[in-house]
Amino acid sequence: MNAREFFINPADYGLPTRDELVAYRIWDNHFHGFAAKNPIEQYERNNFFVERMGVERSIAQEVGGTLEEPFAPYQYDVEILKILERDKDRLSGRTPIDPGFPDESCAKIEKWIRNGPCIGIKYPGTGKKAVTCSHPNNDPILRLAAELDVHVYIHTWLKVGGTPRLPGGDNLPSESTPMDVAKLAQRFPNVALICGHTGGDWELGVRAVRPHKNVLMEFSGSDPHSGMVEYAIRELGVDRLVWGGHGPSRSYATELGKVLDADISKADRMKIFGGNLRRICASIFRKKGITIEP
Amino acid sequence: MNSRRHFFKTSFASTAAVSLFGPLAQAAERSGSRVAGIIDTNINVFDWPFRALKFRDTQALVVKLKKHRVIQGWAGNFEALLAKDINGVNARLAAECRKHGRGFLIPFGSVNLAWPDWEEDLRRCHEVHEMPGIRIYPGYQPFDLDHPGMGRLLQMTTERGLILQVVFGMEDPRVYHPIINVGPVRFRPLVAALKSVPNAKVQLVHFAGSGSNEDLAQFMEYPNTFLEISRLEGNGAIARMLGSVAGLPSARAPLDRILFGSHAPYFPIETAILKLIESPLEAPQLHAIMQGNARRLLLPA
């Protein structure tokens with residue numbers, strides 16, 4: 001079956017057709033196509049679903065190293081760079097860093113963003129030291145981000161656990177919470193920050209970042225909860241939401257459903273599906289000589 | 001695929017395409033509609049204990065489901081998670097389902113093996129409320145599937161021709177309210193219990209499938225065992241479960257055992273329908289999952 005072949009018409013089931021999904025201009029802010037033991041094979045295979053679900057551009061979260069080993073040479077870096085060039089009309093990348101090592105992180109940003117193809121910084125939650133994004137170590141990284149006018153994506157969770165049992169109590173030592181993002185945002189109000197996964201617990205995550213206008217929320221990688229997008233729009237405004245697919249480990253179906261569940265205008269859906277991300281990426285794309293329609 | 005085979009492209013007129021979809025079109029014609037409907041085997045009514053859900057009002061939920069071509073919803077009651085008066089939970093569920101149109105919401109009451117005289121609750125589900133099955137929520141209800149009563153429950157549901165829906169989760173444990181500390185439901189004791197009641201009708205609800213390949217394969221060796229799709233994750237999850245596309249590792253289940261389930265109104269109904277669209281499925285496969293398998297499961301043994 002080819003990617004554009006369907007045996008039911010989505011419109012008959014109250015859902016957008018593929019043409020309508022394409023018209024939303026979906027930018028996948030959270031793509032794990034290269035997160036695998038066989039990253040090239042996985043990437044190529046996943047393109048079937050990218051095509052099928054009408055995703056316009058994917059932002060790979062691991063370009064240059066891996067989330068677990070962001071500074072170690074990665075045997076697939078060369079091939080991934082070739083793919084970034086080959087698929088530049090539909091693929092971009094962030095490079096992962098580790099604030100436990102601020103000098104190495106800044107060097108990596110110089111290499112992969114200023115002098116390389118990447119368009120954003122990725123904070124994983126798996127750093128080797130117990131350093132989250134609110135730690136002072138982050139300041140040189142954020143100063144460099146400000147200089148480059150590049151956004152920062154921060155993985156966040158609020159895993160319930162610990163003693164006393166509370167949201168965030170079961171986070172990994174270096175895993176940031178939305179509250180950490182809020183502290184960082186206060187210090188760097190001119191850098192666009194994406195609070196990844198909404199902290200998982202979106203009701204609390206949204207509250208944590210609410211006062212900080214430079215923080216955008218991203219819903220991917222957590223379960224789809226009916227009402228979550230409308231809640232975030234009420235509290236943050238539609239201009240502060242970005243969409244992520246988190247494929248291939250999550251279904252595009254899961255992530256699209258979160259936005260389609262919301263009773264909002266087409267214009268607002270377009271902002272969430274891609275417009276807001278294009279807005280905060282416009283400068284870095286311009287610097288790299290890539291023209292994008294807003 | 002034969003290039004002459006008829007397929008739908010979104011630029012085609014849907015009426016022209018639907019008439020060519022074989023089983024889906026036949027099912028649609030039987031229902032008097034031009035589009036085949038969906039039997040959703042996993043919805044719940046009333047209030048989720050920890051959040052006011054968008055579609056917590058049953059009338060609003062029914063309208064929403066119908067908008068998305070759901071023709072029947074198998075409904076549990078969120079109250080069954082924590083309540084002690086399970087019979088009251090079941091009576092309210094039955095009344096609510098009747099109120100919103102006979103034949104659309106099908107009540108699946110509950111029993112709690114940890115509460116005394118659950119057998120009487122089961123009898124009432126069957127004889128008083130005429131339910132086709134029951135739904136248990138291990139973990140939230142304080143028992144696991146190795147509870148000594150599980151064998152008896154399987155025996156009783158089988159004797160009565162009831163479907164036993166076993167819920168493997170309601171939400172991501174990482175975002176539980178701190179006062180909830182429900183451990184993972186262990187699947188293996190259920191598979192073991194089926195040895196003595198091999199004809200039991202059992203459906204896994206909100207079952208992730210990952211990490212239990214061998215157990216699932218054993219489970220599917222029994223003739224009346226099913227699962228639904230609400231918890232399957234990853235691009236192409238349904239097709240991967242069927243083995244028709246490669247990708248991330250997936251537990252396998254045969255086509256005739258997979259049911260549609262949305263977990264609405266906790267999950268958006270849209271996500272489960274989009275999984276049908278995302279996976280490359282042909283018309284007979286879609287028909288089986290959307291309604292064919294559920295109709296067969298509902299038939300008397």
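What share of the contacts in chain A with a separation of 6 or more comes from residues 24 or more positions apart? Such residues account for 73% of these contacts, two residues being in contact if their C-beta atoms, placed from the backbone, lie within 7 Å. The structure is a predicted model, in which local features need pLDDT of at least 70 and side-chain atom pairs count only at pLDDT 80 or more, while totals for chains, interfaces and linings use all residues. Residues are numbered from 1 along each chain as its sequence is written, and chains are lettered from A and ligands numbered from 1 in the order in which they are written.

The predictor assigns the complex an ipTM of 0.97 and a pTM of 0.94. For chain B, the mean pLDDT (the predictor's confidence in each residue, from 0 to 100) is 90, and 88% of the residues reach 70 or more. Over residues 1-21 of chain B, pLDDT stays under 50; the model has 28 contacts beyond four places in sequence for this segment. Where pLDDT is low, the predicted coordinates should not be read in detail.

Chain A contains 10 helices and eight strands, defined as DSSP runs numbered from the N terminus (helices, H or I, at least four residues; strands, E, at least two). With a radius of gyration of 18 Å, close to the 19 Å that the globule rule gives for 294 residues, chain A is as compact as a globular protein of that length. The radius is taken over C-alpha atoms, and the rule is 2.2 Å times the number of residues to the power 0.38. The C-alpha trace of chain A spans about 55 × 45 × 35 Å along its principal axes. Of the 294 residues in chain A, 57% are buried, a residue being buried if 20 or more other C-beta atoms lie within 10 Å of its own, exposed if 12 or fewer, and partly exposed in between, with C-beta atoms placed from the backbone.

Helix H5 (138-148) of chain A has as its buried residues Asn138(A), Ile141(A), Leu142(A), Leu144(A) and Ala145(A). These cover an arc of only 155° around the axis and therefore lie on the same side of H5(A), the arc being that of the directions from the helix axis to the C-beta atoms. They pack against helix H4 (102-114), strand S4 (120-123), S5 and H6 of chain A. Just after H5(A), Asp149(A) takes a positive phi of about 55°, in the loop between H5 and S5 of chain A. Asp149(A) is partly exposed, with 16 other C-beta atoms within 10 Å.

In chain B, Asp117(B) likewise has a positive phi, near 55°. Asp117(B) is found in the loop between strand S3 (105-109) and helix H5 (118-128) of chain B, and is exposed, with 11 other C-beta atoms within 10 Å.

Two cis peptide bonds of chain A involve proline. The bond from Thr163(A) to Pro164(A) has omega near -5°, and Pro164(A) is placed in the loop between strand S5 (151-157) and helix H6 (178-187) of chain A. The bond joining Gly247(A) and Pro248(A) has omega of about 0°; Pro248(A) is in the loop between strand S8 (241-242) and H9 of chain A.

The contact between the chains takes 48 residues from chain A and 50 residues from chain B. Helix H1 (18-23), helix H2 (39-52) and helix H9 (252-260) of chain A are the elements giving two or more residues to the side of chain A that touches chain B. H9(A) gives the most, with seven residues. This side of chain A divides into 20 nonpolar, 14 polar and 14 charged residues, where Ala, Val, Leu, Ile, Met, Phe, Trp, Tyr, Cys and Pro count as nonpolar, Asp, Glu, Lys and Arg as charged, and the others, Gly among them, as polar.
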